[in-house]
Amino acid sequence: MSRWWQGAVGYEIYPRSFADSNDDGVGDLEGIRQRLPYLDWLGVDAVWIGPFYDSPGLDHGYDVADYRAVNPIHGDLVDFENLIADAHGRGIRVIVDIVPNHSSSQHFWFREAQQGRSNPYRDYYIWRDPAADGGPPNNWVSHFGGPAWTLDEASGQYWCHLFLPEQPDLNWANPAVLDEFDAILRFWCDRGVDGFRVDVAHALMKDPQLRDNPQQLPVADPTNPKEVFDSFEHLYDLDQDSTVEIFKRWNKVVAPYDAVLIGESHPRSIDRVARYVRDEALHTVFYLDPGRMGWAPGEILDKLEAVHRSTDKGISWIIDNHDESRSVTRFGGGEAGRRRSLAVMTFMMALGGFPFLWEGQELGLVDGLIADAHLEDPIATRNEHGIGRDRTRTVMPWDTSHANGFAPSAEPWLPAPPRHPEETVEVQRQDEESWLNRHRRLLAVRKAHPDLWSAPPEWLPSPAAAVRMLGRGSTLALTNLDAVAHRVELPAGSWHIFYQSGPAAATRPVTSPFEMEPETSYLLVTAI
Ligand code: GLC
């Protein structure tokens, strides 16, 4: 097995929002294919394409009605084959989403399961009789608001759903479900995919006794689903030890294809992250905390260091994805947010693993502006105080033409005011000091200095909580996320900066002690 992802940088694409080739306002696979030259120029090694499968779209594709079919709004299988062929022609690998925790309620399996208790597909899902009072079988709640159980009037039983009622959770204790997904993985591997991003990988197995989760915090606003969800200690619905067994099996399924398995993981504590990448289970997992935190530099670095120390096997480092407010916004907005976002990402590039950018992150985008009436995400539309995820999902700003070049003339599915010219790919490409070109250089230098991701890591003593130094072979990564400058002693040797997250990125020699500017990261190499 080549482990091609070691040293690679990925790029997440949200198919609805990337590029619309057929002018219906929704992005499609052919649109992605046409933009491959840009991704090639940017220097990404792999794209992760969000779900494009047949779906009623209540969670924008994360409610899959047919795991082997392309949703006609995104194209068809031929488009997918063309996209893979062109990507491979450019040396770009293609990773697709797999959504195993739940299907859509429109999936054939669930429609059959609803036919009654004796239907052969009944056991594909998790059903339970009501509690003694007729209510849900336990106190589990949905990420998207309300209980994690909905009553099926016909059979008198509840089905379990950690997300929408229309996203029933599959029963991973049923061997037939395991067999189904082995075949689905092979179906896409046979079409040339290079890996899978496993949606809510930590949720697949549930406690066999379906015990109540302990409530650990009081809830001030019961109409805010995130607050309600986070008020419980998720001992029994998430992060069960047995889930890892599923990935050991998948690991064997994908091995002949050299495909990577990347889990979306949100375990109960940092020391549980590594469990998923042990014993040849998942190859790597996304560590999500830095993608949801506000600007708390010391805390961000503490978490990165702790997770990094807990596994050398591989984390997919991110500060942005399709589920959270953009890092530039979370980190303070404007130029300060951009500077901080790139400083954190620069340091992440030296942590090893398989880091990912989220579409538009390379442009330093802030969240898009969407009028409340246009919000689409069920977290926002189905809850009085739910903070939806739409603002990170506005369309990619390519240029200054209609809809920032996303669609020839259609209104984008998520209407928002156009981005400023200086936020677009077209304008930023022409400016060597743009955020786009700084990100592009970062990807290039990571390739040019393999020690940065492959040499044994050594955390060096640091003078402040918001400062870290990580040595790796001939390279050294320094980050100062503090608001003030800091001086650090460099290890013996003669050092050259080959990348810095601020302006003036030119290579230059440095001497110890070295003064780091505020909110800036540096990559150094020993002179040869
Ligand atoms: C994951 C996805 C998110 C989706 C949810 C349910 O967290 O990233 O977008 O809504 O799973 O599938």
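**Close-up 1. Asp45 and its salt bridge to Lys447 in this predicted model.** Asp45 counts as buried, at 16% relative accessibility. Asp45 sits in the loop between α3 and β2 (46–49), while Lys447 belongs to helix α14 (residues 435–448), so the bridge ties together parts that are 402 residues apart in sequence.

**Close-up 2. Arg90 meets Asp40 in a salt bridge.** Here the N to O distance is 2.9 Å. Look for Arg90 in the loop between α4 (77–89) and β5 (93–98), and for Asp40 in helix α3 (residues 36–42); the two are 50 residues apart. Arg90 is partly exposed at 38% relative accessibility, and Asp40 is also partly exposed, at 30%.

**Close-up 3. Arg272 pairs with Asp239.** This salt bridge brings N and O atoms to 2.6 Å. Each residue comes from a loop: Arg272 from the one between β10 (260–265) and β11 (284–287), Asp239 from the one between α7 (225–230) and α8 (243–254). Arg272 is buried at 17% relative accessible area, and Asp239 is buried at 1%. Elsewhere, salt bridges with shared partners join Asp59, Asp323, Asp377, Arg389 and Arg393 into one network. The structure holds 42 salt bridges.

**Close-up 4. The surroundings of the ligand.** The ligand has 13 residues around it, and the closest are Asp59, Asp199, His322, Asp323 and Arg389. A polar side-chain atom of Arg389 is 2.9 Å from a ligand oxygen atom. His102 also places a polar side-chain atom 2.9 Å from an oxygen atom of the ligand, and for an N or O atom in the side chain of Glu264 the distance to a ligand oxygen is 2.9 Å. Of the 310 Å² that the ligand exposes when taken alone, the protein buries 96%.

**Close-up 5. Asp399, a buried residue with no salt bridge.** You will find Asp399 in the loop between α12 (378–381) and α13 (425–429). The nearest side chain of opposite charge is that of Arg35, 4.9 Å away; a salt bridge needs the atoms within 4 Å. Asp399 does make a side-chain polar contact of 2.6 Å with Ser401. Beyond its neighbours within four places in sequence, Asp399 contacts Asn404, Gly405, Thr424 and Glu426.

How values were computed:
Residues numbered from 1 in each chain as written. Predicted model: local features only at pLDDT ≥ 70, side-chain atom pairs only at ≥ 80, totals over all residues. Heavy atoms only, no water. Helix = DSSP H or I, 4+ residues; strand = E, 2+ residues; numbered from the N terminus. Buried < 20%, exposed > 50% of the residue type's maximum accessible area, 1.4 Å probe, protein only. Lys, Arg positive; Asp, Glu negative; His and termini not counted. Polar contact = N/O pair within 3.5 Å; in protein donor to acceptor, adjacent residues only side chain to side chain. Contact = heavy atoms within 4.5 Å. Near = heavy atom within 4 Å. Areas by Shrake-Rupley, 256 points an atom, 1.4 Å probe, with all protein chains shown as cover.
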